2 protein chains.
Amino acid sequence: MRRLEQVVERILRGERNAVARGISLVENEHTNATELLRLLYAHTGKAYRVGITGPPGAGKSTITNKLAKLYRSQQKRVGIIAVDPTSPFTGGALLGDRVRMTDVEMDDGVFIRSMASRGSLGGLSKKTKEAADVLDASGCDIVVFETVGVGQSELDIVRAADTTIVVLVPESGDSIQAMKAGLMEIADFFVVNKADRPGADQAVMSIKMVLQFKHGSDGWNPDVLKSFANEGKGIEEIAAQIEKHKEHLLTHNLLQSKRTERAIERVRELVNDRLRVEFWNDEREQKLLSEITKVTEKQKTPYDVVETLL
Amino acid sequence: MRRLEQVVERILRGERNAVARGISLVENEHTNATELLRLLYAHTGKAYRVGITGPPGAGKSTITNKLAKLYRSQQKRVGIIAVDPTSPFTGGALLGDRVRMTDVEMDDGVFIRSMASRGSLGGLSKKTKEAADVLDASGCDIVVFETVGVGQSELDIVRAADTTIVVLVPESGDSIQAMKAGLMEIADFFVVNKADRPGADQAVMSIKMVLQFKHGSDGWNPDVLKSFANEGKGIEEIAAQIEKHKEHLLTHNLLQSKRTERAIERVRELVNDRLRVEFWNDEREQKLLSEITKVTEKQKTPYDVVETLL
């Protein structure tokens, strides 16, 4: 454990390779990961967590990039966790354009980490939150989660944010449809990006129309901004809106209650993981395999096997 | 339980309102749901399960609609489970076009069920599989899962299919990017829909190029078809390709092994659910709430609370 404590100390000093190492421990579910997070925990809670989500191609990465640049100009430290499978951060672009992050990626005050979404079975949102804790403890002022906003696990990730931004583009009726996937409920504000394109104002209007029917229980009314992130337009307004929402949360004591909720969820997740891991020992795995042939031969149902195992 | 057995008998006779009732029990996690599924289990395994996935707007619903119509003309019974949040089946269209299912929806041999994806925390893929079992037992020859292919839980749903089709459109570089989200690995074949639009042949070529690098371990090489589903073009070819893949699975004994895998996963899911439900009794919930204040006050970490609870 001596070495783990060294890693912790180095993470707390904000050393990049220690941060990278820490996130890797978390990502690979290393046996020391939980102990690492336990040791770091007291040093978390300082970073403000921003979720940026929306359909592929809406410009989430560009906005994240420009926001990071803006925060850097204010001497803030920024952590970025990209879990969008189509994001250039994650190397997601296959045949499409690849937005380069050269603006910020070499800067010592910006830490970018991509988390694979494919192959990861449900553990993704847990791991992104843990990675955010590592970044938080390392002294980041802002942690940005960038994720494509369609699937359930992606929504779970965004729920870990203090402020959530949904990015859309003017022409996408698809995006508007995608809003049904829960985006309407999670957005603290909307950004219509690529607002140089026709239909931007109509898109803003449409969203505002739908928002009329949203009764926020927390006294916050989600606004709709426009941006043209490629040219850097609208980025300061986005940063200002994040700040405004943060002030709202602080004034109404909502940040604390959000974080308490999250701590509860965290404990639940950890307990459920442990229950699972402890139950599925070699003996039970063997039992499962021997019983399953009876299921495929229709002598037993999966429900009977469950009873046998429990 | 007398009434439950009646529901079972009526489901087995294929009575629509009993099927609807059965799926509702499953969807609402009714206390009788597991017993219902246990009683139905021996009658499952006859339906062939097809997953149709792809980005919003690719025409998945139209293809599903036309395929259902084709199967109906062959006197086959069809069940459709729509979990695409943007699907017209789920009433997902908010401001966009709403494809009507009038062609098939009134037909007694087609059963359409939409499953909400929002609000459902992780249980969605479990419920869709259970709904498919109900449809299977009710005598459906084909069960189609229609889902938007981006998130993890959506991919989990598609993994429950015997044959998985990924639908794309010519112009969407986005779609190609979205393929990185695991779609490349799960597609048994691709369909480039709306192939009347420019770029269809290039899109087919691009996908084939990427597919060259895919080494299927099961001896099956995913093909790329074209369709123009609005006009009904390419639907017979899609049905033929499904049949071809099915033959391949049967010839190589892969259908059986796929289904065994699925039965194993099913037992695992059920066990994990039970572990969770049994652990989180009132007493432990109370304990969690009383400990969590210590976490927010940084006297304890979530990891310590986990130890206390276990």
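Trainee: Which residue of S4(A) stands opposite A:Ile80?

Mentor: Start with the general idea: strands in a sheet pair through backbone hydrogen bonds, in a parallel or an antiparallel way. Here, A:Ile80 has A:Val144 opposite it in S4(A). Before we go on, this is a predicted model, where local features need pLDDT of at least 70, side-chain atom pairs count only at pLDDT 80 or more, and totals for chains, interfaces and linings use all residues. Residues are numbered from 1 along each chain as its sequence is written, while chains are lettered from A and ligands numbered from 1 in the order in which they are written.

Trainee: In which sense do S2(A) and S4(A) pair, and over how many bridges?

Mentor: S2 (residues 78-82) of chain A pairs with S4 (residues 142-148) of chain A in the parallel sense, over 5 bridges. Pairing takes at least two DSSP bridges between the strands. The elements are DSSP runs numbered from the N terminus: helices are H or I with at least four residues, strands are E with at least two. S2(A) also pairs in the parallel sense with S3 (residues 110-114) of chain A, again over 5 bridges, and there A:Ile80 stands opposite A:Ile112.

Trainee: Are the faces of S2(A) covered or open?

Mentor: Side chains in a regular strand alternate between the two faces of the sheet. In S2(A), A:Val78, A:Ile80 and A:Ala82 sit on one side, A:Gly79 and A:Ile81 on the other, and all are buried. Buried means 20 or more other C-beta atoms within 10 Å of the residue's own, exposed means 12 or fewer, and partly exposed is in between, with C-beta atoms placed from the backbone. So by that cut-off 5 of the 5 residues of S2(A) are buried.

Trainee: What does A:Thr64 touch?

Mentor: Leaving out residues up to four places away in sequence, A:Thr64 touches A:Ile52, A:Ile80, A:Val144 and A:Glu146. That brings back our opening pair, A:Ile80 and A:Val144. A contact means C-beta atoms, placed from the backbone, within 7 Å. A:Thr64 lies in helix H4 of chain A and counts as buried because it has 28 C-beta neighbours inside 10 Å. A:Thr64 and A:Val50 are 14 residues apart in sequence, with 9.9 Å between their C-alpha atoms.

Trainee: What about A:Gln75, is it buried or exposed?

Mentor: A:Gln75 has 8 C-beta neighbours inside 10 Å, so it counts as exposed. You'll find A:Gln75 in the loop between H4 (60-73) and S2 of chain A. Its phi is near 65°, a positive value in a residue other than glycine. B:Lys194 is in the loop between S6 and H10 (200-211) of chain B, and it counts as buried because it has 23 C-beta neighbours inside 10 Å.

Trainee: What is the strand order of the sheet in chain B?

Mentor: It's an open sheet of 7 strands with parallel pairing, ordered S3-S2-S4-S1-S5-S6-S7. S3 (110-114) and S7 (223-226) of chain B are at the edges with a single partner strand each, so one side of each has no neighbour in the sheet. Inside the sheet, S1 (residues 48-54) and S4 (residues 142-148) of chain B pair in the parallel sense over 7 bridges, with B:Gly54 opposite B:Val148 in S4(B).

Trainee: How many bridges join S1(B) to S5(B)?

Mentor: 4 bridges join these parallel strands, and B:Ile52 stands opposite B:Ile165 in S5(B). On to S6 (residues 189-192) of chain B: 4 bridges join S5(B) to this strand, also in parallel, and B:Phe189 is the bridge partner of B:Ile165 there. S5 (residues 163-168) of chain B is mostly covered, with 6 of its 6 residues buried. One side carries B:Thr163, B:Ile165 and B:Val167, the other B:Thr164, B:Val166 and B:Leu168.

Trainee: And what are the overall totals for chain A?

Mentor: Chain A comes to 14 helices and 7 strands. Of its 310 residues, 49% are buried. Among contacts in chain A with a separation of 6 or more, 73% come from residues 24 or more positions apart.

Notes: Contact = placed C-beta atoms within 7 Å.
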